[in-house]
Amino acid sequence: MFVCLCTGATTQAVSEAVAAGATTSKQIAEACGAGSDCGRCRRTLRAILAASRECPVHAAG
């Protein structure tokens, strides 16, 4: 699913950026471009970040 229509970034690309260590929407933008243009997806990026923190698998890593 597309998260950022401006750059064509998908949930997969965002998840990979988070798995690689991105902890802010700015770091995600640097990693895959999502949120770097108009910014309408930044709320979704923050939700993905929050969900990754709550996930026991990702929190342990």
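This passage describes the overall build of a predicted protein model and then visits several of its residues.

The structure is a predicted model, in which local features need pLDDT of at least 70 and side-chain atom pairs count only at pLDDT 80 or more, while totals for chains, interfaces and linings use all residues. Residues are numbered from 1 along each chain as its sequence is written, and side-chain values use heavy atoms, with hydrogens and water left out.

The protein contains four helices and two strands, where helices (H or I, at least four residues) and strands (E, at least two) are DSSP runs numbered from the N terminus. Read from the N terminus, the order of elements is β-β-α-α-α-α. An unreviewed UniProt entry carries the annotation "domain: BFD-like [2Fe-2S]-binding" for residues 3-50; UniProt positions follow the numbering used here, feature names are shortened, and annotations may be inferred rather than shown by experiment. Within the model, the span 3-50 is 54% helix and 8% strand, and its end C-alpha atoms lie 15 Å apart.

The C-alpha trace spans about 35 × 20 × 15 Å along its principal axes. Of the 61 residues, 30% are buried, where buried means under 20% relative accessible area, exposed over 50%, and partly exposed in between (1.4 Å probe, protein chains only).

As for charge, the mean positions of the 6 positive and 4 negative charges are 10 Å apart. Lys and Arg count as positive and Asp and Glu as negative, with His and the chain ends not counted; each charge is placed at NZ of Lys, CZ of Arg, CG of Asp or CD of Glu.

V3 sits in strand β1 and counts as buried because its relative accessibility is 13%. Leaving aside neighbours within four places in sequence, V3 is in contact with A9, T10, T11, V14, C41, T44, L45 and I48. The C-alpha atoms of V3 and R42 are 9.1 Å apart, although 39 residues separate the two along the chain. G8 occupies the loop between β1 (2-4) and β2 (9-10) and, at 32% relative accessibility, is partly exposed. From G8 to G33 the C-alpha distance is 8.5 Å, across 25 residues of sequence.

Helix α2 comes next. S25 belongs to this helix (residues 25-32) and is buried, because its relative accessibility is 17%. Not counting residues up to four places away in sequence, S25 touches A34, R42, L45 and L49. A31 also lies in helix α2, but A31 is exposed, with a relative accessible area of 54%. The C-alpha atoms of A31 and C41 are 15 Å apart, with the two residues 10 positions apart along the chain.

Finally, R40 is found in the loop between α2 and α3 (42-54). R40 is exposed, since its relative accessible area is 77%. R40 and C4 are 36 residues apart in sequence, yet their C-alpha atoms are 8.0 Å apart in space.

Conventions
Contact = heavy atoms within 4.5 Å.
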